[in-house]
Amino acid sequence: MTHTVLVVEDEPNIVLSLQFILKQAGFMVRVARDGEQALRAIDDYVPDLVVLDIMLPKQDGFSVCEAIRGNDKCRDVKIIMLSAKSREADKERAMALGADEFVTKPFSTRILGQMVKDIVSSSPTIPQ
Amino acid sequence: MIRTGRKKEWSILLFVASLILFLPPVLKIFDRADLFFNIPLSYMYFFGVWALVILFTALGARRRMMEEDDRKSGKADSSSVGPRQEPS
Amino acid sequence: MSGGLVLTISILYLGLLFAIAQFVDKRADTNRPITRNPYIYTLSIAVYCTSWTFYGSVGLAANQGLDFLPIYLGPTLVFVLWSVIWVKIIRICKVHRITSIADFIASRYGKRAGLGGLVTIIAVVGTMPYISLQLKSIATSFRILVSSSETALLTAPSDPIFFIDTTLIVAVALALFAILFGTRHIDASEHHEGLVAAIAFESVVKLVAFLAVGFFVTYGLYNGFSDLFSKAQQKDLSGLFNVSTDGDYSLWMTMTLLSMAAIICLPRQFYITAVENPDESYLRKATWLFPLYLLVINIFVLPIALAGRLLFDGQTADADMFVLTVPLFHDQGILALIAFVGGLSAATSMVIVAAIALSTMVCNDLIMPLLLRWRVLNINKNDDLTGLLLTIRRVSILLVLILGYVYYLIASESYSLVTIGLVSFAAAAQFAPAIIGGIFWKGASYRGALTGLALGFAVWLYTLLLPSFAQSGWLPISFIENGPWNIALLKPYALFGMEGFDRLTHALFWSMLVNIGAYWLVSLISQQTAIERIQGTLFVDVFGHTDDEKDSRYWRGSATIADLQQLVGRFVGGPRVAEAFNGFAASRNINLRKSQTADATMLDFAEKMLAGAIGSATARVMMGSVVKGEIVGLDEVYRILDETSQVIEYSHRLEQKSAELEQATAQLRNANERLKELDSLKDHFLSMVSHELRTPLTSLRAFGEILVDNPDVPLEERKQFLNVIIKESRRLTRLIDQLLDLARMEAGQMDWSLDNVDVGAAVKEALAALEGLMKENEVQLDLDLPEALPKVRADRDQLMQVLINLVSNAIKFCDKTTGKIVVEVSTQDDVLLVSVSDNGRGVPEDVMSSIFEKFHQSAGTSENKPQGSGLGLAICREIVTFLGGEIWVANQPTGGAKFSFTVPRSDYLQTRLSAE
């Protein structure tokens, strides 16, 4: 069965690269350009994994993360947070808000691809 | 006993009293040539009051002196002040 | 009685005095003198009793009864107030090493020579009658004693002895004696143990002599007081039993006041009581012993006077000489001789002390300042001046006595002793306001004292001294009777029509009125100098300050110990100064090195030592010649001195300090906040830079890896990925360029090449560069560019960058479907106005103010994240500001944002520069 990944990122070229990696790894990829879009997308369809950028228009990654964790439907959704600011404080905050992984840009596509696979396979399959 | 802090007041009181006694109008009462025991009244008056004033001044000065002496044991001699060398 | 015998006795007596003085001085050199005790001190104050007391009181009592008494009651009253007045004056004299009354007054009012000189002149002129009184009494008593005729008892013979006027001989003899006696030491403030002992001895002699005559008269000739008084009453002399008066006691009160002033202000009394006081505590004894001495010496005045009147009943005998003539009449030769010696002692003691006091004043306060002023004294030379000082003093003693003799010749013959003496008292009384005011009123000023003294002295001259010349025939008598130039209002005995008072009361009233009045008034309206205020405070608050050694230091200059020692040595004598300095150093536990710079205490010590020799005013000038640097910080010193102002100052400063502290705290708080702000700004900036750099880097790395890891990517996709890489690296380059530009601009390290730029051309060029972008976004451009625009002063490339940034922003934010951009250029006064507007959504109000900040991201203005680094507008602002223009943004009513900026016109800029 195919797992779904929601990519939340405002930088089109980065979205393009993520789409390529995730599709290659066998995921269904959905894309949101800002925080609001992301929340609407999750409302619409609960993904297995969210790749969430922190610097987003309208609503930043932290609040989106908080919203996902506050939503009962999304108990098992995995979250990988992306940040272009390599600040320890941001990482700590992300982990405290319930992110599973924290990746600093620029990231390695190889490591990120492997990380996504590991996280998704460790989680119980969501009954459809 | 007169307290040390009042030595000036004592002096001034005595001074004012003496002024009153030595100047008119009080003076006029006693300034008479009449003889008492063959001594002129004014002569007796002046020398008598004068002697009393001296007596009271002496009393004031003595009392203070005694008090000062008592205190002197604790305090250095303050009577000679300022840089002054002995005659060489 | 033979003249030889009397002469021998007189010379022996004077020799004895000299011996006593020498003996005591010798002993004083080796150890603490036995003569230093309150009794000797008290007896020395009794120098107050002169021939006036000895002979004159009897003379006065024989004519006017108890009128002689106020002269002794006044001093008694002043000594009752010892703890208020004397203690203070004595303390001041000690602390400031005062040498005389002139020194005291000059020192109090700012150590200025003028005042000291005036006081000296008044003192010398005022003492003149007093000295003549002594001369007259000695000469008369001598003549009476040596002539054995009966008539001599009634009218003293005026035969000259040795063919010269007896009085002149007496004057010269006394002068020589006073010179020998009084100028053995230089330091006038030092205690003259010998002198004091001799004066005390004289006081004993005159008291004993007078009492001897008194006893003889009262108990030898009569059976005690009651017998004498009742006999006198029988002879109708009871008018002498009380105060002779017509019912008003104005003369009585005047004399009381005068004598009160005199006991303080007579130069010799001031000198012996204050300057020569060896120990303040002696005053406690003297305060009642001295009045007692006065009382005792006066007990027999009235009896002797009555006896004289009874004896020479009806005959015109010289009552002033009863003390001598009554014993002589009864053939008591020995007693008469004793009386003569008593009179001699009374006169000589006065003459000696007065001569010493006056000569010190003449030397220190009159001659020395003049010598200094006329630059006769080369103060920088190193001569020993002790000899000069001594000579000046000796000459002045001689002068004082000669003056006394001259006054005697001119005026004394026709007056009684007491009348002559009171003229002197009235002169001395002129000092009273300046002295009493000076020790109780800080506000009294130099000008006030000078004016008061001068006016008081002038009135004294006019109402007392000049008339006495007139009465003796040296001035036309009409001067008294009709006034000068027949102006009745100016009659010296009835000034401004004030008649009906005795001359003394009249003179005292007017002189004191102008003296006190001027002193008061001028003090109030004149400004005190710093040193006057300091001295005023030091004098008035003498007890508050003397406990603290450091208070009276004014000097803050540089002089070496050697300089000081040399200076003081010239006036006091080298070895003595060295000794004194060493003593001073030892007392303070310091080592003196000659080359060492003297500290304030040392300077103060030296000045006071110098003041002891030559007076405070002169000492000040002398010190000033050695101490380099002004007497700086007088006001500062004053502030420290004045306790009240000190407290006020202190609390004021405290207030100020706390306010300052508050201010500092606030500033610190602000600075801290600003720092925090800056910190967060920097933090923000760094994280933004990081973000902006990492974003393109992420794409670069991601697609790089994808392309490497996936060689089988279709060509189409590969091309797309490679294009992304190129675009992102361009973006990265641009970002780095912008960052560097901005950093350089902010650091002021940008290389600007300013020139006269044609804005129209620049605009066209910028638009041409963006033509591709506009086409790509289907944006319509509307250019409003007038012909013949003035040139602007700018860097062409940077101006282009501003235009490109603004236009590309406009392209980015204009309406996506029907994008339209308007670029306008117009002339406004001295600037060109360029504006770029779009038809987008406009700038939200909340970011309006921060839109030109670095990394202000206009997030949320559109669905898509705007392309750009967030540095463009910040750079625009930097450039425009540097070029001297302004940049701003406004939303148009029709929608869309309008960015405008100005650039100064080069022609206006030039005129402005040339105008400056």
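In what order do the elements of chain B run from the N terminus on? They run α-α-β-β-α. That is three helices and two strands for chain B. One caution before the rest: this is a predicted model.

Let me stay with chain B for a moment. The chain has 88 residues, and 38% of them count as buried. Now take the contacts in chain B between residues at least 6 apart in sequence. Of those, 55% join residues at least 24 apart.

Next, the interface of chain B with chain C. On the chain B side, 44 residues are in contact. On the chain C side, the number is 58. The area buried between the two chains is about 4700 Å². Carbon and sulfur atoms give 68% of that area.

What about charges across this interface? The rule finds zero salt bridges between chain B and chain C. Polar contacts do turn up. The count is four residue pairs, with both residues at pLDDT 80 or more.

Which elements of chain B supply at least two residues each to the side that touches chain C? There are helix 1, residues 7-22, and helix 2, residues 26-30. There are also strand 2, residues 39-40, and helix 3, residues 41-72. Helix 3 of chain B gives the most, with 14 residues. By class, the side of chain B that touches chain C has 26 nonpolar residues. The rest of that side is nine polar and nine charged residues.

On to chain A. The secondary structure here comes to five helices and five strands. Along the sequence, chain A follows the pattern β-α-β-α-β-α-β-α-β-α. Chain A has 128 residues, and 52% of them count as buried. For contacts in chain A with a separation of 6 or more, residues 24 or more positions apart account for 61%.

Look at strand 1 of chain A, residues 4-8. Five of its five residues are buried, and the strand is mostly covered. A:T4, A:L6 and A:V8 point one way. A:V5 and A:V7 point the other way. Both sets are buried. How does strand 1 of chain A pair with strand 2, residues 28-32? The two pair in the parallel sense, over five bridges. For a landmark on screen, find A:L6, which stands opposite A:R30 in strand 2 of chain A.

Now strand 4 of chain A, residues 78-83. Six of its six residues are buried, so the strand is largely enclosed by the rest of the structure. Both faces are covered. On one side sit A:K78, A:I80 and A:L82. On the other sit A:I79, A:M81 and A:S83. Note the lysine: A:K78 is among the buried residues. Strand 4 of chain A is joined to strand 3, residues 49-53, by five bridges. These two strands run parallel. Here the landmark is A:L52, opposite A:M81 in strand 4 of chain A.

One backbone detail in chain A. The peptide bond from A:K105 to A:P106 is cis, with omega near -5 degrees. Where is A:P106 found? The residue is in the loop between strand 5, residues 101-104, and helix 5, residues 109-122, of chain A.

Start with C:R97. Its phi is near 50 degrees, a positive value in a residue other than glycine. C:R97 is in the loop between helix 5, residues 86-96, and helix 6, residues 101-108, of chain C. Buried or exposed? C:R97 is buried, with a relative accessible area of 5%.

Then C:E778. Again not a glycine, and again a positive phi, about 55 degrees. C:E778 is in the loop between helix 34, residues 771-777, and strand 2, residues 780-784, of chain C. This one counts as exposed, because its relative accessibility is 60% and the cut-off for exposed is over 50%.

Finally, C:R393. This arginine lies in helix 18 of chain C, residues 386-410. C:R393 counts as buried, at 3% relative accessibility. What joins the side chains of C:R393 and C:N364? A polar contact of 3.4 Å.

That is my tour.

Notes:
Residues are numbered from 1 along each chain as its sequence is written. Chains are lettered from A and ligands numbered from 1 in the order in which they are written. This is a predicted model: local features need pLDDT of at least 70, side-chain atom pairs count only at pLDDT 80 or more; totals for chains, interfaces and linings use all residues. Side-chain values use heavy atoms; hydrogens and water are left out. Contact means heavy atoms within 4.5 Å. Buried area is the accessible area (1.4 Å probe) that two parts lose on being put together, summed over both. A salt bridge is a side-chain nitrogen of Lys or Arg within 4 Å of a carboxyl oxygen of Asp or Glu. A polar contact is a pair of N or O atoms within 3.5 Å; within protein, one must be able to donate a hydrogen and the other to accept it, and residues adjacent in sequence count only if both atoms are side-chain atoms. Helices (H or I, at least four residues) and strands (E, at least two) are DSSP runs, numbered from the N terminus. Ala, Val, Leu, Ile, Met, Phe, Trp, Tyr, Cys and Pro count as nonpolar, Asp, Glu, Lys and Arg as charged, and the others, Gly among them, as polar. Buried means under 20% relative accessible area, exposed over 50%, partly exposed in between (1.4 Å probe, protein chains only). Two strands pair if DSSP finds at least two bridges between them.
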